[in-house]
Amino acid sequence: MSKVRIRGSESAFQWGLTTYTAYGGACLRAILLKSSLPRNKDIDPKHVIRGRLYEDTYAARLDKQGITYERELAVEIEKDEGVFTGHLDFWVEGSRVVELKSTESKSRLRDIKKGEYVVDNLAQTVAYMVAKKTTEGRLVYSYWEPQTDGEYELKFEYEHNISIDNFGRISDNNVPTKWSVYDLLAYQHNAFKVLNTRTVGARPHNYDLAWGSPCHYCPFAKACDAYDAGEITTADQLISMATSGTVSLADRANAQKTTSEEVIDE
Ligand code: SF4
C-alpha cells in the first residue's frame, strides 16, 4: 500500500485509547473527511496574509538581533506506513523550532492573555521538534487588530517556551503539561491508519460534552450523526454525505468562523 501523508496542522494527541482534540479539525474522523476537501487557506486568504505578515515581522526582529535562522523549513517524520509532513515557520540558530500563530479574534485574545494554548498547536510544534531532533521549541500567539485601511496592527504576543525532558514529557514555560511525545506519536500512527485504510475513526472522547465538544460546530456533524444512527454504513457514504450537497464548502467556511481553527493561522 502506498504511503499516506498527514500535515502538521492535523496533529493532536492520543491518550490511552482515546483521541483528545481541542476542535473538530484534529478528530480522526474529520481527518478522513477533510482529506477530500480544500484547505482553509484556499477558502479564506486572510489566513495567508496575516500569517505572512507575522512571519515577516518576526524575521525582521531576528535580523536586527543578528540571530541566524531558516524559514519555512520542510520537515518529515516517517512512522510505520505513513509520513508526517509540515513546514516549520522558523528554525533558529540550528536548535530551536519556532511556530507562529496569529488571530484577529477578541475571544481568542482573552485565552491567549491567560496563557492558554490550543492543544493541536502544541502538538504541531512538538512534532516539528521531534522531526528536527531538538528539545527546544517556541509557540508564539499574536493578536492582530484589523485597521480601517485593510491593514493589520500587531497588538499582543504571548510566548510558550516548549521543552521535552529525557522521559519525553512536555513542559510549557517550565510547567509540566499532561502530554508526552509518545501521546503525539500514537495519534499520528492512528491518523495514518485511518487515511491508509479509509476507515471511519472513533469520535473524540469529549464529543458528547454539553460544553466544549468539537462536534458542536463541526460542519460534518450531520453526516457523523447519520453514520452513528446507522442511516449510512460505509466510509464512502460518510465522505459523500459530509462533503457533497449536505455540507457545502460555504457551510464549512461559515461553521469554521466559530472555531479556533478559523481564527488561528497555520
Ligand atoms: S462531527 Fe465530531 S466526530 Fe464527526 S468529524 Fe466532526 S468532530 Fe469528528
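User: Which residues are buried in helix α8 (residues 235-243)?
Analyst: Helices (H or I, at least four residues) and strands (E, at least two) are DSSP runs numbered from the N terminus, and a residue is buried if 20 or more other C-beta atoms, placed from the backbone, lie within 10 Å of its own, exposed if 12 or fewer, and partly exposed in between. The model is predicted, with local features requiring pLDDT of at least 70 and side-chain atom pairs pLDDT 80 or more, while totals for chains, interfaces and linings use all residues. Residues are numbered from 1 along each chain as its sequence is written. In α8, the buried residues are L238, I239, M241, A242 and T243.

User: Which residues of α8 does α7 meet?
Analyst: The cover over the buried residues of α8 includes α1 (28-34) and α7 (221-228). With contact taken as C-beta atoms, placed from the backbone, within 7 Å, A223, A226 and Y227 of α7 meet, in α8, L238, M241 and A242.

User: Are α7 and α8 roughly parallel or antiparallel to each other?
Analyst: Their axes, which are lines fitted to C-alpha atoms over the stretch in contact, with angles from 0 to 180 degrees between N-to-C directions, come within 8 Å and cross at roughly 150°. Angles under 35 degrees count as roughly parallel, over 145 as roughly antiparallel, 65 to 115 as roughly perpendicular and the rest as oblique. The pair α7 and α8 is therefore roughly antiparallel.

User: Why does D172 count as partly exposed, and how many C-beta neighbours inside 10 Å does it have?
Analyst: D172 lies in strand β9 (residues 169-172), and beyond four places in sequence it is in contact with Y117, H160, I162 and T177. D172 counts as partly exposed because its number of C-beta neighbours inside 10 Å is 16.

User: Over which residues is the pLDDT below 50?
Analyst: The pLDDT, the predictor's confidence in each residue from 0 to 100, has a mean of 78 over the protein chain, and 75% of residues reach 70 or more. Where pLDDT is low, the predicted coordinates should not be read in detail. The stretch with pLDDT below 50 is residues 246-266.

Technical notes:
Two residues are in contact if their C-beta atoms, placed from the backbone, lie within 7 Å.
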